[in-house]
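Dear colleague,

My notes come after them.

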Amino acid sequence: MRLFDAHCHLQDRRIAAVAPQLIRVALDSGVQRFVVNGVSEEDWHIVKQMGDDYPSIVPCFGLHPWFIVERSPNWFNSLKEFLVDTPAAAVGEIGLHKGAHGKLTDFSDQVDVFKQQLELAKVLEKPVSVHCVGAFAELLDIMSCTGPFEAGVILHSYIGSAELVPCLAKLGSYFSFSGHLTSMKPEKAKKVVQSVPKDRILIETDAPDGLLRLKTDHLFSIPDVPITELEEQSGGSVPQPASLSREGLNHPANIHSVLNYVATLLEMPEELLAELSFQNASRLFSYPGSKVGCDG
């Protein structure tokens with residue numbers, strides 16, 4: 001089977017020091033592509049470097065709603081420069097968040113930043129990865145006013161309702177499922193995944209987050225990182241001991257467990273879903289300048 005991780009964060013400081021090892025293990029397990037999403041101005045250069053270093057990585061640049069307070073006055077111009085200077089890149093991660101973390105930022109500010117990035121993705125004719133928690137009504141309204149999006153919108157770690165799927169799909173949405181799907185009751189999760197058109201299904205890990213909440217003996221774990229290595233990575237600033245724990249962090253090779261769970265909900269063979277989602281992602285990320293061809 002060949003697999004395409006449609007959304008992850010291999011640049012995340014919690015796993016960056018072991019990213020080469022994680023990538024190697026995931027590649028050996030059959031994962032051929034990783035869509036690595038930046039979340040703030042602080043990590044765009046890291047994502048760009050990873051994209052340059054690894055043929056398997058599709059880089060993405062975006063300002064996540066959790067980090068908009070920290071943005072610089074020049075953030076939008078900087079984002080455009082990264083995207084123009086990196087033809088292989090898509091847009092993301094951007095979005096709207098009304099959950100506990102989202103309350104730390106003004107929602108109207110989130111909307112403004114989100115709209116600017118969504119419109120930029122449309123102008124550049126690039127797919128865009130969207131984070132949405134508790135704000136699907138607002139998301140649908142904004143997309144309806146701005147869309148449709150011929151280049152595609154990835155609703156990453158989708159846990160919205162089945163009822164919203166037809167309208168969102170009509171606007172150009174793809175629905176990417178991760179371990180976060182296990183936070184829903186199985187009956188509801190099944191209804192959601194079965195409502196998605198087969199040509200719009202993607203799977204992802206959201207690593208290092210998105211670990212499945214299921215009892216299984218087949219999950220890959222994140223290796224420990226020596227403190228000296230973390231010191232070098234952080235420029236001498238050693239994290240607190242609690243931050244050294246790898247418990248609860250997700251490995252990109254765990255996309256196999258996501259595949260198994262989603263295939264079960266769809267009542268579809270894993271091999272068929274793997275190839276279907278791989279072809280969907282390959283088609284979505286085969287824009288001009290991309291490393292990805294229509295067949296992967």
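Predicted model: local features only at pLDDT ≥ 70, side-chain atom pairs only at ≥ 80, totals over all residues.

Residues are numbered from 1 along each chain as its sequence is written, and side-chain values use heavy atoms, leaving out hydrogens and water.

Strand 7 spans residues 173-177 and includes S173; strands (E, at least two residues) and helices (H or I, at least four) are DSSP runs numbered from the N terminus. Five of the five residues of strand 7 are buried, that is, under 20% relative accessible area with a 1.4 Å probe and protein chains only. S173, F175 and F177 point one way, and Y174 and S176 the other. S173 counts as buried because its relative accessibility is 0%. Its side chain reaches the backbone oxygen of L168 at 2.9 Å. Leaving aside residues up to four places away in sequence, S173 touches M143, V153, L155, L168 and R200 (heavy atoms within 4.5 Å).

Strand 6 (residues 153-155) pairs with strand 7 in the parallel sense over three bridges, where pairing requires at least two DSSP bridges. L155 has F175 as its bridge partner in strand 7.

Helix 9 (residues 255-266) packs against helix 10 (residues 270-284) at about 105 degrees, with axes 9 Å apart; the axes are lines fitted to C-alpha atoms over the stretch in contact, and angles run from 0 to 180 degrees between N-to-C directions. The two helices are therefore roughly perpendicular (65 to 115 degrees). Helix 9 contributes L259, N260, V262, A263 and L266 to the contact, and helix 10 contributes E270, L273 and A274.

With kind regards

Key. Parallel < 35°, antiparallel > 145°, perpendicular 65-115°, else oblique. Buried < 20%, exposed > 50% of the residue type's maximum accessible area, 1.4 Å probe, protein only. Polar contact = N/O pair within 3.5 Å; in protein donor to acceptor, adjacent residues only side chain to side chain.
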